[in-house]
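Reader: Could you walk me through this model before I set anything up with it? I would like to start with the overall picture and then go into the side chains.

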Amino acid sequence: FDPITSTVAVRATIAGVVVRPDRASVADRITPVNGAARDAIQRASREARIRLKALHAAGGTAMYEAGEQAVRDALRRHDAGARLTDDEVAWLTTLLVDRDIRDLAVGLTEPHSRNVDFWADITRRADEPLVPAPATLLAVTAWRCGDGVLAAMAAEHALGIDGSYQFADTVLQALQAGVPPTVVDEALADADSEPTALPDDPMEQE
């Protein structure tokens, strides 16, 4: 088709799809912050870990409830045009270490370009040990939006930090096998039809 006169370009623009010149421009979207910004998020993440220990000590569903609130508030603030503070990014990414909170975030994230932008920003700003979860959430969101290049690069980025991160590996394998992103929607629909089960250990990870 003619890329100039075809309606494909118009439809893509309406859908929020942006064509980028090369892979480097895509990689720029998840390039970690450095300098003062990196120092600030590291400080905030240390404080978030202290806060998490207190929450963990409370036991019960306190951690899961805090995670749900943090994810919902973060997405809502982004949709309203606000950018999360370093403390908010640190708290969110610290909570996402928990597998159930991370999986909850998958369900709460809509397949829209604004949420791709959100998780890309969180991935860039997260303290390095906490990057795998938001990077994989970015991969899933980009995949559901039809951006396979960004999805694959985000999953690879997560695995580059933690080679054993199973969720990122699963997403990458699905992308390489050409599995359609509709499987994510089907999985979410199945999850919605079943009661949520919390782990015995709220700090259970991959």
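**Contacts, core and charges**

Author: In the protein chain, 75% of the contacts with a separation of 6 or more are between residues 24 or more positions apart. Please keep in mind throughout that this is a predicted model.

Reader: Noted. How many helices and strands are there in the protein chain?

Author: The protein chain has 11 helices and 0 strands, and the order of elements from the N terminus is accordingly α-α-α-α-α-α-α-α-α-α-α.

Reader: And what share of the 206 residues is buried?

Author: Buried residues account for 40% of the 206 residues. The accessible surface of the protein chain is about 11,200 Å², and carbon and sulfur atoms contribute 53% of that surface.

Reader: Which residues have the most contacts inside the largest nonpolar core?

Author: That core has 57 residues, and the ones with the most contacts inside it are Trp91, Leu92, Leu95, Leu96, Phe118, Trp119 and Leu138. As background, nonpolar side chains in soluble globular proteins tend to be buried together.

Reader: Pick Leu138, then. What does Leu138 touch?

Author: Leaving aside residues up to four places away in sequence, Leu138 touches Ile30, Val116, Trp119, Ala120, Thr123, Leu150 and Ala154.

Reader: Trp119 was in the core list as well. How many aromatic pairs does the structure hold?

Author: The structure holds 1 aromatic pair.

Reader: Are Phe118 and Trp119 buried or exposed?

Author: Phe118 counts as buried because its relative accessibility is 3%, and Trp119 is buried as well, with a relative accessible area of 0%.

Reader: What about Trp91, which charged end sits over its ring?

Author: The charged end of Arg51 does, at 3.8 Å from the centre of the Trp91 ring.

Reader: Trp91 is in α5. Why is α5 described as largely enclosed?

Author: Because 7 of the 10 residues of α5 are buried, this helix is largely enclosed by the rest of the structure. The buried residues in α5 are Val89, Ala90, Trp91, Leu92, Thr93, Thr94 and Leu95.

Reader: What do the buried residues of α5 pack against?

Author: They pack against α3 (35-58), α4, α6 (99-108), α7 and α8 (132-144).

Reader: Changing topic to charges: how many salt bridges turn up in the whole structure?

Author: A search of the whole structure gives 11 salt bridges. In general terms, side chains of opposite charge can pair when their charged atoms come close.

Reader: Give me one with Arg114. What is its partner, and how far apart are the N and O atoms?

Author: Arg114 forms a salt bridge with Asp79, and their closest N and O atoms are 3.0 Å apart. This pair links distant parts of the chain, since Arg114 lies in helix α7 (residues 113-125) and Asp79 in helix α4 (residues 62-79), 35 residues apart. Arg114 is partly exposed, with a relative accessible area of 28%, and Asp79 is partly exposed too, at 42%.

Reader: Which side chain meets Arg125 in a salt bridge at 3.1 Å?

Author: That is Asp86, with 3.1 Å from N to O. Here again distant parts of the chain are linked, with Arg125 in helix α7 and Asp86 in helix α5 (residues 86-95), 39 residues apart. Arg125 counts as buried, at 5% relative accessibility, whereas Asp86 is partly exposed, with a relative accessible area of 28%.

Reader: Which residue forms a salt bridge with Arg125 at 3.2 Å?

Author: Asp121 does, with closest N and O atoms 3.2 Å apart. Asp121 and Arg125 both lie in helix α7, 4 residues apart, about one turn of the helix. Asp121 counts as buried because its relative accessibility is 18%, and the cut-off for that term is under 20%.

Reader: Which residues are linked in a network of salt bridges?

Author: The network links Arg83, Asp86, Asp121 and Arg125.

Reader: One last thing, Gly148. Where does Gly148 lie?

Author: Gly148 lies in helix α9 (residues 148-161) and is partly exposed, with a relative accessible area of 35%. Its C-alpha atom is separated by 7.1 Å from that of Leu175, a residue 27 residues apart from Gly148 along the chain.

Technical notes: Residues numbered from 1 in each chain as written. Predicted model: local features only at pLDDT ≥ 70, side-chain atom pairs only at ≥ 80, totals over all residues. Heavy atoms only, no water. Core = buried A, V, L, I, M, F, W, Y, C linked by side-chain atoms within 4.5 Å. Buried < 20%, exposed > 50% of the residue type's maximum accessible area, 1.4 Å probe, protein only. Contact = heavy atoms within 4.5 Å. Phe/Tyr/Trp six-rings, centres within 6.5 Å; stacked < 30°, edge-to-face > 60°. Lys NZ or Arg CZ within 6 Å of the ring centre and 35° of its normal. Helix = DSSP H or I, 4+ residues; strand = E, 2+ residues; numbered from the N terminus. Areas by Shrake-Rupley, 256 points an atom, 1.4 Å probe, with all protein chains shown as cover. Salt bridge = Lys/Arg side-chain N within 4 Å of Asp/Glu carboxyl O.
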